[in-house]
Structure formats: C-alpha cells, structure tokens
Amino acid sequence: MVRSRPYVPAEPTLGWEQLRAATRPLTGHPFSADAVAWTHLGRGALHLAARVLGLEGREVLVPAYHHGVEVDALVAAGAHPAFYAVGTRWTVDVEELERRIGPRTRALVLTHFAGFPGPAGQMRALADRHGLVLIEDCAQALLSMDGECPVGSTGDAAVFSLRKTLPVPHGGALVFNGARAYQLPPLAMPAAGPTLRGLWSRALLRGEFRLPGQGRALRRLGRWFSRNVPTERPRVDDQAQRSGRAPLELGVSPLVARIVRAHELVQVVERRRRNFFHLLGALRGVAPQLVSELPPGVCPLFYPLWVPDREEALARLRMDNVEARTGWPRFHPRCDGGEFPEAGRLRAHVLELPCHQDLGPEHVAYVARAAQRALGRDRTRRSRAAEG
C-alpha cells in the first residue's frame, strides 16, 4: 500500500479539542489590556482606530510593504495614506521616514512583520518629536514580545488579528495604550452563517491534515456545506452597507471568542518557535535569509523564504502538498511601487512557509525538504538516485 504524502496547511486547523476544551482567562497583550475593543477583523480594528483618533482628512504614513486591506481601511475612515520605504529585511530607515513628515501628517503606522518587532522605540520618539499619533499594526505579531515589552504596547494604539495565529475564521483587537479614555462606537454582531462556514472550513482542514489521502473528498464536503448553510446579513446601518464599510464595523462572534479562550497560548508560542528554529537551521545557506535569528519572545507567524522565481517555487511546494503563501505581491493602487524598489523585491521574491502550532517535527522536516526541492537543491541527488 502506497502511503500518502503529508499535507501541510498554511494555517492552523480547528480540532475537537479546541471546541470542547474549558475556557480560561487569557493573560498577555492584548487579552489583558485595560482598553481593548474586539473587532471582526484586524483591518476593522485599524478602521476603528482611525475614526476614534480623528484621522479623517489627515495624512497617515504607512509602510510601502503592505497587504493593501489596511490601506483600504484607512481610506474608508477618511484618512489620506502616504508611504515610506521598507528594506528587504523588513527594516525601516527612521531618518528617511522623518523627511516624509509634512504639515498634513497626523499619524504613523508601524507594521511588525511576521511576528518580528519593528523599531517601536525609535518610532515612538519620532512621533513624540513631531506631535504625531503612533499606531502599531500587530496583525502578524499576536503573542510576540519585544524584549520585556509586549509588541503593541508602545504606540498610542495597536491593532491585532486573531485569525492569522489561531484557528478561527475572524477576530481582531484594538488596544489603546496610555491613560486617555476613548468613546468607541458600538459594533454589530457578525452573522452566524459565515462564522459557521469559517469554522467548518478550519475543521475540514484538520481532517485533510490528519488524513491527507482524503483531501479531495473533504473539499467536496466543504463546498456542499458552503452551498447549504444559509447566509444572513449582519445588522449594520444602511450607509455602512452602501459604502462597503460593513465588514469593518462588526464585532467578534461569541463562539469565536470562546474558541480563542480555549487555547494554551504559551504552548502556541513554544511550538511556533520550535518549528521556526528547525526551518532556520535547515534552510540556512539554501536561500538568502530575511532574518538570521529568532529573538527571545518572538512568536513567528511564518518562515520567510526568499526564492528567485516565486510562482515556480510555489507550484513545486504545492506538488509536495505544502501550502505556502505568496505574501503581499501587489502594491496598493495609491502607492507608486516604482518609488520603493526594495519593497518591490520583497513582493516578487518572498514566500511564507508554515511554522504554525499544529506542525510536529516530522512535518517541519518535510517542509524543509520540500523547500530545498523547490529551490532545486536536491535535483542532482535525485537524478543520481534514479541512475543508481
């Protein structure tokens, strides 16, 4: 009997143990923050932050290496995004950024990429020097520490995404740091149908992860479920529906919140760090490294793999049943990509390898071998084996 190849999903999966586990109080940022609002998505948290901080009509400086949805969230709040450079190792030249601050600038956004802390202290000093608001985008850095400080505790506000690190279909958080209290608008409850479909999708992903030979049948089951679960519209005002802001003005489902509280977050961090360390060692010297070490306290979201041809490497990984992601391949239409060549190289050459908490040592070793094959490092060895 031929054994199926492992299947390695790009994101953590939802198992019965998370559904039936007892909930517990969660410690650490943002869960223990004094001023936190739970939103539907991380971009919704940024949209809410921009509204509450009065950024409508004002310029906000955003990294040129961005997904794009965060830019859309700022635009939806009435802000005017402008951009600053990011290096090919996710670095920020704070002096170059300072030269971009103008009379209309009101806020800075600092993104912590893949869980690795950006220069929050330097950005805090820069914001204070110019009387600006600092927003930390921690969508990729849930549970990370910057030395002794939680990532997201330095800015005036910080936004987080739960669904990137934990097996839930949605969930975001907005934290305000400091003593000032803010009046937050009410957030509508998300509809049950999309939440259930999202949870079912994560559960099917667990099935395919555990039973890789049954992947096609499980995907058919998922499509049937999506067609047959009724969709209801969330209760948001008509203006939000017409403007397309509706997803940005939703809160978090109680069921999602319960699943989050069922997690051992310390274990999540430990497993992600273990898996990243394995990939860091196995792929050292195989490809240029964006990061050469894993600082204490960092909770890595993925392993960044620099590849010469992203689409070819992605296709080879998928042939090996490894689901990698392409990162952020396109600039937002408001950003002139030609002005930021280093961000352009990140978009063209970085793949995101999974290192999430579901993976054991054997899965991570398989991912490393698949990455080596994707980069053509084992072609000679395989051809010799075939000749022998």
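The following paragraphs go through a predicted model, from its sheet to the helices and then the nonpolar cores.

The sheet is open and has 7 strands, in the order β1-β9-β8-β5-β4-β2-β3, with mixed pairing. Its edges are β1 (36–39) and β3 (80–84), each of which pairs on one side only. On average, neighbouring strands are turned by 20° against each other, direction ignored.

One of the residues involved is Pro63, whose bridge partner in β3 is Tyr84. Helix α3 (residues 69–76) packs on the sheet, where it touches β2, β3 and β5 (133–138). The direction of α3 makes about 145° with that of β3.

Strand β2 also pairs with β4, again in the parallel sense, over 3 bridges; here Glu59 stands opposite Thr105 in β4. Strand β4 in turn pairs with β5, in the parallel sense and over 5 bridges, with Leu108 opposite Leu134 in β5. Helix α5 (residues 120–130) lies across β3, β4 (105–111) and β5, and runs at about 180° to β4. How enclosed is β4 by the rest of the structure? Of its 7 residues, 6 are buried, so β4 is largely enclosed.

Helix α10 (residues 265–282) has 18 residues. From its first C-alpha to its last it reaches 26 Å, close to the 26 Å expected at 1.5 Å a residue. Its buried residues are Leu265, Val268, Val269, Arg272, Arg273, Asn275, Phe276, Leu279 and Leu280. An α-helix has 3.6 residues a turn, so residues three or four places apart point the same way. The cover over the buried residues of α10 includes β10 (302–306), β11 (350–354) and α13 (361–374).

In soluble globular proteins, nonpolar side chains tend to be buried together. In this model the largest nonpolar core holds 72 residues, and Trp90, Leu174, Leu305 and Leu353 touch the most other members. Helix α13 gives the largest share of this core, 7 residues. Beyond its neighbours within four places in sequence, Leu174 is in contact with Ala35, Val36, Ala37, Ala45, Leu48, Ala49, Ala157, Ala158 and Val159. A second core of 25 residues is separate and includes Leu14, Phe31, Cys138 and Ala173.

Conventions
Residues are numbered from 1 along each chain as its sequence is written. This is a predicted model: local features need pLDDT of at least 70, side-chain atom pairs count only at pLDDT 80 or more; totals for chains, interfaces and linings use all residues. Side-chain values use heavy atoms; hydrogens and water are left out. Two strands pair if DSSP finds at least two bridges between them. Helices (H or I, at least four residues) and strands (E, at least two) are DSSP runs, numbered from the N terminus. Axes are lines fitted to C-alpha atoms, for helices over the stretch in contact, and angles run from 0 to 180 degrees between N-to-C directions. Contact means heavy atoms within 4.5 Å. The expected span of a helix is 1.5 Å times one less than its number of residues. Buried means under 20% relative accessible area, exposed over 50%, partly exposed in between (1.4 Å probe, protein chains only). A nonpolar core is a set of buried Ala, Val, Leu, Ile, Met, Phe, Trp, Tyr and Cys residues joined through side-chain atoms within 4.5 Å.
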